Amino acid sequence: MLLPRLQPPLRAALASIARSSPSGTSTACLNEAFAALALKPLVFVRHASHAQQGAVNKAKDGPGKRLGAKKSGEQYVIPGNIIFRQRGTHWFPGENCAMGRDHTIYATESGYVKYYKDPEKHPKRQYIGVVFKRDQVLPLPRNSHRRRRLNMVAVKMEVSPTATEPAVTDLLLEGGGIGGRKEVFKVMKKKGERKGEEGRNLKLRPGYMYREANWEIGRAAERAGVNVKAFKPRDRWTAWRKREVRFAKNAEKRSLGRKIGGK
């Protein structure tokens, strides 16, 4: 790498020696040659790798996040009250509590705060719960009834047997009997039934609807004596072709009407 850099100074030295006049001394010629051979010093510049802006880049000590317990044990809370702020899951939500996306535990029901452990649920986790009575202890025994919304206790309802009496209406079945004869069904009517619902077996179905089963609804016309004509499928292919032709003609009529109106 140094040879190409040495060539220009050498050429300049030789040219200066050749141009030197005979009247000059040899010492002056040599000094001139050495001055021409002198290489320029190399200068290295190191740029800063970190911005120098004073105290801006030093370690920061921001304000505290106010973590920790906000409600103590047996303190009354309402839905939405923050009970404990934390980073991570040092405490887990228990009865009537929930956890936010920043691990904040808050109450979902009105009651009193309880800090407890549940070895049957998890051997090491700590839980925070809310109870409706101050003297209630968490965790609750397994398979025991739970207290839910409105501070109510789930209790099994006792249904009193309803007395029945002989029916006052008869249902006629047209053509449903043997040999095409009419059959008369005696329907037992319960007390308190509305008119038109005699003999209906209404049960609580999915979706919280009191209605009959599908097969019972389908036989309502038979019980009411309504005659329905039997469905004859016939030739569905021909019917579909006629329908397509009819649609095509109607579309053609509409297009002709638009053309005439546009003219």
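A cavity, on a 1 Å grid over the protein atoms alone, is a set of points where a 1.4 Å probe fits but cannot get out. Grid points are joined across faces, edges and corners, and the volume is the space filled by probe spheres set on the points.

Quick word on ground rules. This is a predicted model, where local features need pLDDT of at least 70, side-chain atom pairs count only at pLDDT 80 or more, and totals for chains, interfaces and linings use all residues. Residues are numbered from 1 along each chain as its sequence is written, and side-chain values use heavy atoms, with hydrogens and water left out.

So how much space lies in the largest cavity? About 60 Å³. Its lining residues (an atom within 4 Å of a point) include Val 130, Val 131, Phe 132 and Arg 147. By class, that lining has five nonpolar, two polar and two charged residues. Here Ala, Val, Leu, Ile, Met, Phe, Trp, Tyr, Cys and Pro are nonpolar, Asp, Glu, Lys and Arg charged, and the others, Gly among them, polar.

Now confidence. pLDDT is the predictor's confidence in each residue, from 0 to 100; the protein's mean is 77, and 65% of its residues reach 70 or more. Over residues 166–187, pLDDT stays under 50.

Pairing takes at least two DSSP bridges between two strands, and two join β3 to β6. Ile 82 has Tyr 106 in β6 as its bridge partner.

Key:
On a 1 Å grid over the protein atoms alone, a cavity is a set of points where a 1.4 Å probe fits but cannot get out, and a pocket is an open set with protein on both sides within 12 Å along at least five of seven lines; lining residues have an atom within 4 Å of a point. Contact means heavy atoms within 4.5 Å. Helices (H or I, at least four residues) and strands (E, at least two) are DSSP runs, numbered from the N terminus.
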